Amino acid sequence: MTARRAKTRWTLAAGKYGRRSSTCTRTWKGHTIDRAPNIDGTFASALAAAGADRENWSSSDLHRRIGFGLRCAYAHGVSAIRTHLDSHADQAEVSWEVFRQLRADWAGRIDLQAVSLVPLDDIQGSYGDDLAALVARSKGIFGGVTRSSLGDDGLAVKNLDKALDRLFKLAGSFDLEIDLHVDETGDPGSTTLLHIAQATLRHAYQGRVVCGHCCSLSVQPEDEALRTLDLVAKAEIGIVSLPAVNMYLQDRQLKRTPRWRGVTMIHEMQDRGIPVAIAGDNCRDSFHAYGDHDMIDTFRQGVRILHMDHPLRGAPELVGPAPSDIAHFSDHGRIAPGSPARLIVFNATSLNELLCRPQADRVVLDRGRRVAQPLPHYSELAVSR
């Protein structure tokens, strides 16, 4: 992967803007908010609720909830998704089997990628070999959460560099790319991204690593954060910011107004040529109670939260070509001669107009044909509550 900034191409026809359907990231916990609510909106409570709900994640439950989410995404105009699968030892086989089935079922409509998701210390023993082999068989991406399995994201993994070396060696053994949840905390002492950049260079894995969240950068001393970003650029690490979920979770305390937005340093990353995308994350679960698998909604929120305006012209890159490049999706995120005619047509004559309305009347085209699939009704999920 080269650290470059791609241009978004827009087409103007009949007074409407059209663009290639977007790529996005999701997690495997979606649509559990009714049966596993977050009691106070905090990260710790989100972990507790998701952990308690895991016993319900049977094959049929996963098919029902994920299928619902994919239908929402397709109706909204999403054409490619990288998701993160909870891959604990007692869950991984079921999760990855369901993913392989859904990837085949949705081929030609939504291209799917999957990343293994476990706390980093869970792969230090023999299970790490088993999981890497499963991911390789499933043609997935190797990843995890760079926090301890004993607590929230502010609790660091012991011997972090050793744990990262194990991760990179496993990935290298199976020729797997890496995707990690990183520094999803407001603790300025959480500097995992720096260690990942160092490990990427140490293992010559440039251009094969993606890091999501990276929230603590924004609360670190400026010179320290910028030194980290210089190393991230050298390591050619792609960064994915999840503005809606990070704004929802970070700096949340009972009866106290949040003091910061929870997001990472997107502008400073772009200045260094670091590949950057914004994406949706959790959808209607304990980590984020809202969402509808709609990248246009994520785009609208991201522009406002991250101040990706004045001028607006560069903002669409973050939800079109950038995530496609970072995730190596081919034929997504751009309009170009010879590419499939996958488009979203909006009733807007400018980017400002596009962002000022929810675009509920958009027209989604898949290979030149209008997608007539309606959004599924929430009543379909009642059986899983």
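Reply: One term first: two strands pair if DSSP finds at least two bridges between them. Helices (H or I, at least four residues) and strands (E, at least two) are DSSP runs, numbered from the N terminus. This is a predicted model, where local features need pLDDT of at least 70 and side-chain atom pairs need 80 or more, while totals for chains, interfaces and linings use all residues. Residues are numbered from 1 along each chain as its sequence is written, and side-chain values use heavy atoms, without hydrogens or water.

Me: How many helices and strands are in the chain?

Reply: The chain has 12 helices and 13 strands.

Me: And what share of the residues is buried?

Reply: Of the 385 residues, 57% are buried. Buried is under 20% relative accessible area, exposed is over 50%, and partly exposed is in between (1.4 Å probe, protein chains only).

Me: Sheets next. What is the order of the strands in the open sheet?

Reply: The order is β6-β7-β8-β9-β10. Those 5 strands pair in parallel.

Me: Which strands stand at the edges?

Reply: β6 (142-145) and β10 (276-278). Each has a single partner strand, so one side of each has no neighbour in the sheet.

Me: How far are neighbouring strands turned against each other?

Reply: By 20 degrees on average, direction ignored. Angles here run from 0 to 180 degrees between N-to-C directions, with axes fitted to C-alpha atoms, for helices over the stretch in contact.

Me: Tell me about β9.

Reply: β9 covers residues 238-241 and is joined to β10 by 3 bridges, running parallel. β9 also pairs with β8 in the parallel sense, over 3 bridges. V240 ties into both: its bridge partner in β10 is A277, and G212 stands opposite V240 as well.

Me: Are the residues of β9 buried or exposed?

Reply: Buried, on both faces. G238 and V240 are on one side, I239 and S241 on the other.

Me: Which strand do 7 bridges join to β4?

Reply: β5, residues 111-117, running parallel to β4.

Me: Switching to helices. Which strands does α5 lie across?

Reply: α5 lies across β6, β7 (178-182) and β8 (209-213). Its direction is at about 155 degrees to β7.

Me: At what angle do α5 and α6 pack?

Reply: About 45 degrees. α5 is residues 160-173, α6 is residues 192-202, and their axes are 10 Å apart. The two are therefore oblique to each other. The cut-offs: under 35 degrees is roughly parallel, over 145 roughly antiparallel, 65 to 115 roughly perpendicular, and the rest oblique.

Me: Which residues make the contact?

Reply: From α5, L160, D161, L164, D165 and F168. From α6, T192, H195, I196, A199, T200 and R202. Contact means heavy atoms within 4.5 Å.

Me: And α6 with α7?

Reply: The axes of α6 and α7 (residues 222-234) come within 9 Å and cross at roughly 30 degrees. α6 and α7 are therefore roughly parallel to each other. α6 contributes L193, L194, A197, Q198 and L201 to the contact. α7 contributes T228, L231, V232 and K234.

Me: Where does A204 lie?

Reply: In the loop between α6 and β8. A204 counts as exposed, at 59% relative accessibility.

Me: Is R284 buried or exposed?

Reply: R284 is buried, with a relative accessible area of 11%. It is found in the loop between β10 and α10.

Me: Which peptide bond is cis?

Reply: The one from H310 to P311, with omega near 10 degrees. P311 sits in the loop between α10 (295-306) and α11 (321-326).
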